[in-house]
Amino acid sequence: MTTARRLRLPGIAYGGDYNPEQWPEEVWAEDVRLMREAGVNMVSVGIFSWALMEPGEGRYDFSRMDRLLELLHENGIAADLATPTAAPPAWFFRAHPQALPVDRDGRGLSYGSRQTFCPSSPEYREAALRIARVLGERYADHPAVVMWHIHNEYGCHNAECYCDVSAAAFRRWLRERYGDLATLNDAWGTAFWSQWYYDWDEIIPPRATGAVPNPTHRLDWRRFCSDELLSLYKAERDVLREAAPSIPATTNFMVNFSIEALDYWRWAPELDIVSNDHYLRSTDPESEIDVALSGDLVRSMAGGPWLLMEHSTGAVNWQPVNRAKLPGEMRRNALAHVAHGADGIAFFQWRAAKAGAEQWHSAMLPHAGTDSQIWRDVVQLGADLEALAEVRGSVTHAHVAVVWDWNARWALEQPSQPSGELRFVDLVLDWYRPLWHAGVAVDFVRPDADLSSYRLVLVPSLYLVDDAGAANLTGFAERGGTLAVGFHSGAVDTNCHVRLGGYPGAFRDSLGVRTDELFPLLPGESLALSDGGTASLWSERVRLEGAEAFTSYTSGPLAGTPAVTRHTYGEGTAWYLATRPDPATLAALLARVCDEAGVQPVLTAPVAGVEAVRRNGSDADYLFLIDHGGSGAEVPADGVDLLTGKEVIGSVSVPPGGVAVVRQAR
Ligand code: GAL
């Protein structure tokens, strides 16, 4: 929220997606009464209302929206007004069937759900901008409207369309990137397998093929898909800006979702307010770590506070088995998002639907009504957020940066890698997890970020790195920083071409090592390490070229070969983790690296099971203590616990499964 367009709302925003069109209007009065009871101060409206707002091309009916915004305003509830462009109406597709998407296998998809349109369709763009303009002009001065919620989760269901219109758009994007075919042929390595292109029109999206696709073709396709959706966002945003220059715009990200995810580093600067959606995975035994990672990543992209646009009060409906939240878990999740920088907490959705595709999704007001645990928890959370109002705007100063890059992720997870077992998010989580347990604050950064405020830069996985990113990271170590790099990083350049001369290509010199051959491990296979630990997933034949071996293998074909190395490079230090140590060994190693870099955890003595995060305000600091372990704890602190209002002298009690937020004087 660094731009001039800020959210005109005091304190922490609280609410959810509100879809009153799913209900008769008699219900609305009860909705707003209960919203006030729960302390809701902002709701997102209109997200899926296109068919009702524009019943036919160019014919509008805003009567329902007019009444709704009036009702909200009368009740002191602000509106985050959405452009409804994530769900075009049936009439649109009947008139423009060519705007329906085609999947990778050439299967044309149908309407009848949501987000089933071709992102490159000119007809879709025209219709989306038309409704955005009419909506923007109509409500620009409405006192309830405090933010534009553009579209919904761009790319959630249609990140890729393989139709001919998309193919032409892809070619335009490629012409812009490469200028001429010779450059493209070189970048894509098309001499391989007779893929040489003589005419731009020969180039198509990477549709289903009998054998492995060209990696650079696929990588550019991912870049194009992200940019294509971004251009739709920007076009809607510009239309709204013209209509209402002072209202901030957001669109809700999904930062740690699937491989199709967008390159949000390119998106974030285009948003006035960065917002994100986060859902737990039922099978994740440590989902609190996923919450924290997501929060840190969004905060880093926003460069400060952000909004949690969606999470769930209980179960979702889109996993094979949808787990309800445990007692206190929803409150811990929500307050953990605040701890990691959220200045607003919202849910999908306000009232649980009785019909439609999401009828089994939890909500703030469940099917059971107000005599329910979820409702009581929602009211409690509203009171908590009100008590935390002063936290708004405070920031986190981390001394550790973790490199996160979508290009590297896309490239790593292509087919025909040395190992198909490597998943970018898992590799980052491997390193993030012990830092979380140790209570070390981290930011996420792009490879080419300004690193001058960090003591330690961690690169868990950066298979692809461009020359500027590589120079930035190695320069950080050279100038006195501590850099730690994970295996199979620096391997390829921006075009996915192998960096020759030995691995890990771009980082070889700074790490003081040279690998001539990779020895990935089979699932279940492990190697013994000289420090008593074990290693899995990956190994490689590392030769020391200036570095010292910190740990070596003591079993397997590489016995005696370095597994972890340390190199004094320029004024700094560069570590290489050429394998995946077991969790305890990795935790000890990262603790040592942090120590050497002078990085301190948030609490001098971290408490097992208690997450500790600090936000720094202009006059005070806010120490969030969240007990995920369930035993509660007494944690040294002085100040005031904002959630209980009690003075804290010497130590604060964090109740079992509960949360304390201590305002600490500077
Ligand atoms: C999100 C989406 C919401 C709702 C929610 C259910 O991805 O934005 O509209 O579908 O998932 O969990």
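Me: By class, how many residues of the shell around the ligand are nonpolar, polar and charged?
Reply: This is a predicted model, in which local features need pLDDT of at least 70, side-chain atom pairs count only at pLDDT 80 or more, and totals for chains, interfaces and linings use all residues. Residues are numbered from 1 along each chain as its sequence is written, and side-chain values use heavy atoms, with hydrogens and water left out. Ala, Val, Leu, Ile, Met, Phe, Trp, Tyr, Cys and Pro count as nonpolar, Asp, Glu, Lys and Arg as charged, and the others, Gly among them, as polar. The shell comprises four nonpolar, two polar and five charged residues.

Me: Which residues are around the ligand?
Reply: A residue qualifies if one of its heavy atoms lies within 4 Å of the molecule. The residues concerned are Phe48, Arg114, Asn152, Glu153, Asp277, Tyr279, Glu310, Trp318, Phe348, Glu358 and His361.

Me: At what distance does a polar side-chain atom of Glu310 lie from an oxygen atom of the ligand?
Reply: The side chain of Arg114 has an N or O atom 2.9 Å from a ligand oxygen, and a polar side-chain atom of Asn152 lies 2.8 Å from an oxygen atom of the ligand. For Glu310, the corresponding distance is 2.7 Å.

Me: What percentage of the area that the ligand exposes when taken alone does the protein bury?
Reply: Accessible areas come from the Shrake-Rupley method with a 1.4 Å probe. Taken alone, the ligand exposes 310 Å², and the share buried by the protein is 97%.

Me: How far apart do the C-alpha centres of domain 1 and domain 2 lie?
Reply: The domain assignment, automatic or from a database, gives domain 1 as 400-597 and domain 2 as 610-665. Their C-alpha centres are separated by 35 Å.

Definitions and conventions: Polar contact = N/O pair within 3.5 Å; in protein donor to acceptor, adjacent residues only side chain to side chain.
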